[in-house]
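Here are my notes on this structure. Please read them with the model open.

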Amino acid sequence: MRGDVVRRAGLALVCAMALAGCATDPLTAAIDDIPARRSADPAGTGEALLRTADHSLAAGDASTAAALYSRARLLLPESPEPLLGLGEALVALDAPEEAAQAFRGALARGPELAAARNGLGRSLLALDQPVMAQGQFEAVLEIEGEDVRALSGLGTALDMIGDHRSAQRLYRRALEVDAGNLGVLNNLGLSFALSGDFGAAIETLRGVVADPAATARHRQNLALVLGVAGQPQDAAAVARLDLGEREVQQQLAYYAILRDRIASGDTGGVLGGR
């Protein structure tokens, strides 16, 4: 509930800061509806907005970044860059439908853009459309070769479809390119869990959590796998690193539900930690 409130608040801020009201806001208007007369940017305002938006997104202020990217694309309607940034900001705001729209707009301006296809693929995964996401990641690999984000994204799509062995081969290919990539290692660990190899899953995720760059999400993924593997005490100990006792008990109950789902072949609920 709280996450949904935060998402709505973030999108409302975007509407408030954009040039137009929400009825015609760039987040909801058709990409090609932007008037051609707005393409002139003699003062370089659009480029300046892009730089400011990039800094805002890097600083974690996705709402401000999304508003700035929206304004920049009015000034630079032929450029894919504002739409790429807008898509990433909307991903951070947990708005996958709007993010997918932005990435599609970027692809309309540059069909070979790997960043746009990777972004669209991730948005489609968040929308529970793994088959459509698969096509985007495969297109990136055809264009770019061994792209780590595409390999990991395609692995996630295959995990969601249920082809865990193929997914794990893709994660290993990605690790050959970037051996210490925590995102890929995290996905590999979850894939092991989905395929029932909890020993490998726990070993992999403990390695992730031991890295100084590990986040709360990584730790909670380890707690999740420990709980699903039937080790509630270990799961609780890891969960307490980031959660209060009431939340820990709620998570333990959730792990028990997931354990029953995986036993029955329903693995979708585990994928959220990616």
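1. Start with helix α8. It has 14 residues, and its first and last C-alpha atoms are 20 Å apart. That is close to the 20 Å expected at 1.5 Å a residue. Please keep in mind that this is a predicted model.

2. The buried set is V148, A150, L151, S152, G153, L154, G155, T156, A157, L158 and D159. These residues pack against four helices: α6 (114-126), α7 (130-144), α9 and α10 (182-194).

3. Take the α9 partner next. Helix α8 (residues 148-161) and helix α9 (residues 164-177) have axes that come within 8 Å and cross at roughly 165 degrees. Angles over 145 degrees count as roughly antiparallel, so α8 is roughly antiparallel to α9. The crossing of α8 past α9 is left-handed.

4. Which residues make that contact? On α8 they are V148, L151, S152, L154, G155, T156, L158 and D159. On α9 they are H164, S166, A167, L170, Y171, R173, A174 and V177. Sorted by class, the contact of α8 with α9 has nine nonpolar, five polar and two charged residues. D159 deserves a look in the viewer: it is among the buried residues of α8, and it takes part in the contact with α9.

5. Helix α12 (residues 216-228) and helix α14 (residues 245-263) have axes that come within 8 Å. Their crossing angle is roughly 60 degrees. The two helices are therefore oblique to each other. This crossing is right-handed.

6. On the α12 side, the contact uses Q220, A223, L224, G227 and V228. On the α14 side, it uses Y255, L258, R259 and I262. By class, that comes to six nonpolar, two polar and one charged residues.

7. Now helix α3 (residues 62-75). At 1.5 Å a residue, its 14 residues should span 20 Å.

8. Buried would need under 20%, and exposed over 50%.

9. Last, the chain as a whole. How many helices and strands does the chain have? The secondary structure comes to 14 helices and zero strands. Read along the sequence, the pattern is α-α-α-α-α-α-α-α-α-α-α-α-α-α. Of the 274 residues, 47% count as buried. Among contacts with a separation of 6 or more, 50% are between residues 24 or more positions apart.

Key. Residues are numbered from 1 along each chain as its sequence is written. This is a predicted model: local features need pLDDT of at least 70, side-chain atom pairs count only at pLDDT 80 or more; totals for chains, interfaces and linings use all residues. Side-chain values use heavy atoms; hydrogens and water are left out. Axes are lines fitted to C-alpha atoms, for helices over the stretch in contact, and angles run from 0 to 180 degrees between N-to-C directions. Angles under 35 degrees count as roughly parallel, over 145 as roughly antiparallel, 65 to 115 as roughly perpendicular and the rest as oblique. A crossing is left-handed if the near helix is turned anticlockwise from the far one by less than a right angle, and right-handed if clockwise. Contact means heavy atoms within 4.5 Å. Ala, Val, Leu, Ile, Met, Phe, Trp, Tyr, Cys and Pro count as nonpolar, Asp, Glu, Lys and Arg as charged, and the others, Gly among them, as polar. The expected span of a helix is 1.5 Å times one less than its number of residues. Buried means under 20% relative accessible area, exposed over 50%, partly exposed in between (1.4 Å probe, protein chains only).
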